[in-house]
Amino acid sequence: MSLGPTHHGYFYQDLLSAVALVDLLLDVAETITIDTKGFTTDRFDDVNIRYADRSRLRLQIKHTTTDRQLSKETFSQDRRGLKLDKVFDSLLVDLASSPATTYRIVVRDQEPDKDLAVVLSPIDPADRPSDPLPGITTSKYRFDPTALRTNRPWSKLVEGLSDEDLRHACSHLVVDTGAPESTISFSDPGPAERALLRRVREELGAGRTPNTDVTPEFVAHELVQAATSARVVETGLLRRDLIEPRLGLRVDFGAVNAGHPIETSVAVARVGAIAAVRRHVDLTAPGGGHLVITGEPGVGKSWLCEELTDSYQHDDWIVARHHCWLGQGDNHLHERVLNEVVVGSLLAQLEKAVPGVTKTLRPKFEASIDALGAALLNCRDAEPGKSVLLVVDGLDHVDRVAGRSTNQHKDPSRVLVETLATLALPAGVCLLIASQPGTHLDPIASTCDSFPVPPMSHNEIEALAAKHGLLERPLTGGSVAESDQDTIVTLIHERSSGNALYATYLCRLALGASPLDQNTAPLTVNELIYRLEQVPNTATTVEAYYDYLCSAMTPDQQFAIETLALCDFSLTPAELAEVLGSPTKSYVLPALKTLAPILNTQPGLGGLRLHHESFSRHLRRSIDNETADSIRRSMVSWLERRGFLVDSRAFRHLPGLLASLDEYDKLKELLGPSFVADGIRYFHSPGALQSALCVVSREAEARLDWPTLTTCIEVRKAIDTYENDALTDTLIDYADIIVGILGADVVAERLVYNGRPTFPSRWGLLICESADRAGAATPWKEYIESWETEKKADRTSYSSDQNGALQLALQRGALRLRTQRQDVDSSLIPQVAKHLEHEHDASLTDLVSTFTAVLPAEYMPQIAAAMTDPTNSAISYLALADLSEGGTIGLPDPRNLARRAWELDPTLDANGYLFHGIDAQDIVAGLEVSDLAVELSAATDALLENRTADLAAVHRWHTFLTLARAIDPALVRMVSGKLSGVGFYRA
């Protein structure tokens, strides 16, 4: 008999369990138990969820690959484990000890057949409960106690229940039919897989900054695997701290990353727009020249630049790209818009693309427009067959950043355009500028072509809607009718006028996709269309849509959103309410609900953020200075309550807020005598300390406050000591202690700021390893990339690296990233075996431990078996035995592993073999010892004759002593007399 349906059923159970696990990560649920009976006759053992509000949900999941009605036999017989009398008995037993429990039977079967429909009735819409799990849409039914009493065979099945117990059981049990279909694939997902993918993308933020390197598919797969492990291998109990590390998601307290909001999971290829832009580039590049593309906020300029540069890189062009905006919280926010930084970024990328093109520049490291011109000439000389494309995106942001932080009278955006206009472009080079329209583009307008970004076509809007799931029937899955599809796409296309951002908002609105949206998902296609029709047809631009949303809010709600717009760091809804000093439900949640389509939230992983910074600018234009200052004071009070040293957001943003409010005395107080010591104690990076110091010193300079400036100089010296002296080695050596004191998540969060490393790569990697071992999601990608860059210039060796610690950290990080890319399968086994047999700084035992911590545990015995050197194989088996003994899940019995090691190399480690149950006589025979008493006596004499420590001699003596104790304790007493008296080794 084929096991296909059985395996499909197990996967389906694990898939739905994975959907539930998202609630665990969001702290909505406290624990989830999978496939574990609470008592012998328990019939609700598939998924047991205990929520934070102390309520419980118990699910029994039944899958079928056949499209069929739910039959009477499902409950009248026990073939599927759902015989009604046994289900009710189980429910009542469990309910007696846990009254706040809901019971759901979730089946793929469709509506009840006519025989079952006599007793199983649809639940009235007014009383309809929510879906069993978010995104798992079903039709809901309950058993009718009266019908059960009056119809056979049901009356016989429930005759043992009192009327009260029967009513009680019927009221607590919901039968969910028509559960979404599964394809057992995340590359070709079905409705059930899409429900999980939607949760990990929209609620956990997989695939989005700062987790753009962790795909939704990877997280979904790992959640399913966690459910499978709990069901098959482990105890069945899952907590957040048990599954979060395997997902690779990082905590982000950075502000809105709105200047470059590219979500590849829902991005649509702009084939027509790319072709149009390419025609202009292809015409311009041969003679050398500039191009300008313009567009309103959200039209897709940044995404177009991404696709365009990818397209030309695929065609083997030399490409360099610079974005002037990466979010308000960018720790290089002010530098990124400077002319020299724009030029320097392009220079660095050209050097990476064509090594040596900056070698002859003089001054070599000057980021001037002349140097860029010279590098372009060098590129053409070095690679005459390759054209060059430079892209500078987001020039309209320059004034918004630099204009607020400098006293320039001239528009900084215009200054940058003037600089770029002077760049001499040789033949074969095109410079593309992407910006919102404005007078800042005038200096270049007369010398080059300028054209708008083409709006999204009807077909592209259709593709976008499909990626968001709008073209599927909400309950049953499958494609919507062609006429309905045309209606949906036309509504989005006409309302948005082809603006990608606006179209995305409309998709989110229609689906209720935002976790902030308290409306349930649409039940019908007509309801979905109705939601789109509620947006007035006069709101045909992003700005008009923002006005429409804001018009629906009360003044208090508007104030809450203005607070969010002025906030340069992320906040959860509850935290926003704290800032406002208002109960969350009074007006914060209603305001957020109104704006749900344009807000993103990552509960438990980073808080609330605007989907696009254009809405923040839209609101800021209407906020007067007095209101803005009032809001900032509320932020200051809230951050102070959080703790300047305790909270990263307070440490990063409080100094700037105090400076903007002219609260100079309070600002100076932050720089107390123990500022650096306290910063180190709370594990803030040298860069974070310098950032706060720069704010104080800038304000002191403006006021000619020489005493404070002198203090700043001394503080800077202390930060230098922290960053450059031996203190760093101390932090690395005691990283485990730091993790233990502050917590792994806090340490991991301190390691990055807005997706960028905050510490030097070497110590960052070693601290990453400590945090990873403690279960935190650590920023491996950022630190490995930083290490690769730094090691080319820094040839310094460190004593703390001699034991292979850095290699172990790099190995763990590389493996962790590989698992996140889903690039781990059994084909790696021979490669890993070969790699482990090479010479390494780290010991083979430590390397085996590292690989076991990240790779599937079942691979490791196969890796040991694949080694060509018997001793290496034995070392690996024995290391695995130690890990298995220590509780590592998925490894074979430690005695079997140790036995295999002994068979390969009987002389390797007698103590280790004995510890794992190898018979002492076998070990002695393996050592080819004919008389243990003689060997022990000789080893003791050799030990006492040495005047210096001899590790080999001590090891040999200890081995024989241990074996003697196991075989004949009298042999130990025989040599004990030799060990008395004065001597290095004497007792």
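**Salt bridges and helix packing in the predicted model**

E903 counts as partly exposed, at 46% relative accessibility. In this predicted model, E903 forms a salt bridge with R900, and the closest N and O atoms of the pair are 3.3 Å apart. Both residues belong to helix α43, which spans residues 894-904, and they are separated by 3 residues, or about one turn of the helix.

A search of the whole structure finds 47 salt bridges. Side chains of opposite charge can pair when their charged atoms come close. One of the pairs joins D893 to R895, with 3.2 Å between the closest N and O atoms; here D893 is partly exposed, at a relative accessible area of 29%, whereas R895 counts as exposed, at 53% relative accessibility. In another pair, R642 forms a salt bridge with D647, the closest N and O atoms lying 3.1 Å apart.

The packing of two helices was examined next. Helix α18 (residues 458-467) packs with helix α19 (residues 482-496) at an angle of about 110°, and the axes of these helices are 9 Å apart. Because angles of 65 to 115 degrees count as roughly perpendicular, α18 and α19 are assigned to that class, and their crossing is right-handed. On the side of α18, the residues in contact are H458, I461, E462 and A465, which meet Q485, D486, V489, T490, I492, H493 and S496 of α19. Sorted by class, this contact comprises 4 nonpolar, 5 polar and 2 charged residues.

Finally, A953 was considered as an individual position within helix α47, which covers residues 951-967. The relative accessible area of A953 is 14%, so this residue is buried, the cut-off being under 20%. When neighbours within four places in sequence are left aside, A953 is in contact with L943 and N946. The C-alpha atom of A953 is also separated by 7.2 Å from that of A939, a residue 14 residues apart from A953 along the chain.

Methods:
Residues numbered from 1 in each chain as written. Predicted model: local features only at pLDDT ≥ 70, side-chain atom pairs only at ≥ 80, totals over all residues. Heavy atoms only, no water. Helix = DSSP H or I, 4+ residues; strand = E, 2+ residues; numbered from the N terminus. Buried < 20%, exposed > 50% of the residue type's maximum accessible area, 1.4 Å probe, protein only. Contact = heavy atoms within 4.5 Å. Axes fitted to C-alpha atoms, helices over the stretch in contact; angles between N-to-C directions. Parallel < 35°, antiparallel > 145°, perpendicular 65-115°, else oblique. Left-handed = near helix turned anticlockwise from the far one by under 90°. Nonpolar A, V, L, I, M, F, W, Y, C, P; charged D, E, K, R; others polar. Salt bridge = Lys/Arg side-chain N within 4 Å of Asp/Glu carboxyl O.
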